[in-house]
Amino acid sequence: MRRYTMSAALVLLLCFGLAIPASAHNSEGAAVLASTAAAGYDDVPDGHWSAASVTQATDMGIFQGVSSGVFGLGQPISRAAFVTAMVRLFGWEAVEPAENSFTDVTSDRWFYSAVETALANGGIAAADSEFRPTENITREEMVSMLLRGLGYTSLAGVASSYSAPFADVSTNKGFVTVAYDMGIVSGVGENLFDPSGLATREQAATLLMRVYDRLNREAVQLDETDGYQVVTVETPAAREGDDLPTTPLEPLTELYNTLRQLKNSGTDMGQVVLCLTAGGVRTINSPGGEIEGTDQLTVQEVEELIQTEGVNTYYSDRYESAYCLYQTVGGQTAVVWYQSEQSLSVKLQLACLFDVTSYVLA
């Protein structure tokens, strides 16, 4: 996931609305919002399906033309150019290590910092010694990099076992599936995605702006849920005798699967409200690591607990959940999984990508 810095003073935003990065809808290869202003390029007509996205990406400084007054409509985009645009989109802090991570991306190249920054933030897989920066990016590579940048590599791993939405997708199947489920990408017709086809500059701009708009939609906390379809992702129940860990709140994979099923069933996602845990779940564990008991904690109880001397707080990237540890009076170990600013933001980001922007804390 995209990472958030959490201080003790900001550890809980559980009683207040939270604005997170979120959304708008453009449709690749199809008619979108008509641009009311010229895209600023001689080769991008106002009525072109990508005009609004090209204009927005240019105005934001995420894209530049290939020359004065020319965007490069229909031209492929290199892997280095796409990564550079992606880094600008996410606003990642620049990384420039003394030693290059890829043999073909050295410090004297214009894209050096962008590639290293994307790598540091998980947007690039570090499996190969070469990045191939000047090669044109394929459609499946573009989707994979973007989903990695969003922090959904683990979700893509889960989704790789699902039925592919396109008949011609085999490699990077999980990434394409997740992107399709979120409505980030569409096919090229006849149940095909053309994964090995080269992505064009306007397709890249449209994809990035679609994600930007969704990530900049405000998530609204509701006081009541009348008129909405309430979706609750159950926290795994901690039972006596179980081994740890057992209670990360609202596991992200389950949340993804729930949202995916709703969308695929034709549910109006704008009428869905997400119900999340407002406090925490505590388990008491024996010296051998088995659970002896469990109980619920309120927001106030969690806040008081994590400010107590001797209580150590942590964040699990694996479970996208905050937790703390401490010793009980009886010498047992207590573990409390609780809703932090970071874990809440991660879940709301995923929900917004599925067009769910309302939530309650219970």
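Glycine 279 sits in the loop that links strand S4 (272–276) to strand S5 (280–285). In this predicted model, glycine 279 comes out as buried, because its relative accessibility is 5% and the cut-off for buried is under 20%. Leaving aside residues up to four places away in sequence, glycine 279 touches Leu249, Leu297, Thr298, Val299, Val302, Trp337, Tyr338 and Gln339.

Serine 321 belongs to strand S8 (residues 321–327). With a relative accessible area of 0%, serine 321 is buried too. Its contacts, again not counting residues up to four places away in sequence, are Pro248, Leu249, Tyr315, Ser316, Trp337, Tyr338 and Ser343. Leu249, Trp337 and Tyr338 turn up in this list as well as among the contacts of glycine 279.

Next comes helix H10, which covers residues 341–353. Its 13 residues reach 18 Å from the first C-alpha to the last, close to the 18 Å expected at 1.5 Å a residue. Since 13 of the 13 residues of H10 are buried, the helix is largely enclosed by the rest of the structure. After H10 comes aspartate 355, with a positive phi near 70°.

As for open space, the second largest pocket has a volume of about 280 Å³. Its lining is made up of 15 residues, and those nearest the centre are Arg79, Ala125, Arg132, Met145 and Arg148. Helix H4 (residues 139–150) supplies the largest share of that lining, at 4 residues. Sorted by class, the lining has 6 nonpolar, 6 charged and 3 polar residues.

How far can the model be trusted, and where? The protein chain has an average pLDDT of 86, and 87% of the residues score at least 70. Where pLDDT is low, predicted coordinates should not be read in detail.

Key:
Residues are numbered from 1 along each chain as its sequence is written. This is a predicted model: local features need pLDDT of at least 70, side-chain atom pairs count only at pLDDT 80 or more; totals for chains, interfaces and linings use all residues. Side-chain values use heavy atoms; hydrogens and water are left out. On a 1 Å grid over the protein atoms alone, a cavity is a set of points where a 1.4 Å probe fits but cannot get out, and a pocket is an open set with protein on both sides within 12 Å along at least five of seven lines; lining residues have an atom within 4 Å of a point. Grid points are joined across faces, edges and corners, and a volume is the space filled by probe spheres set on the points. Helices (H or I, at least four residues) and strands (E, at least two) are DSSP runs, numbered from the N terminus. Ala, Val, Leu, Ile, Met, Phe, Trp, Tyr, Cys and Pro count as nonpolar, Asp, Glu, Lys and Arg as charged, and the others, Gly among them, as polar. Buried means under 20% relative accessible area, exposed over 50%, partly exposed in between (1.4 Å probe, protein chains only). Contact means heavy atoms within 4.5 Å. pLDDT is the predictor's confidence in each residue, from 0 to 100. The expected span of a helix is 1.5 Å times one less than its number of residues.
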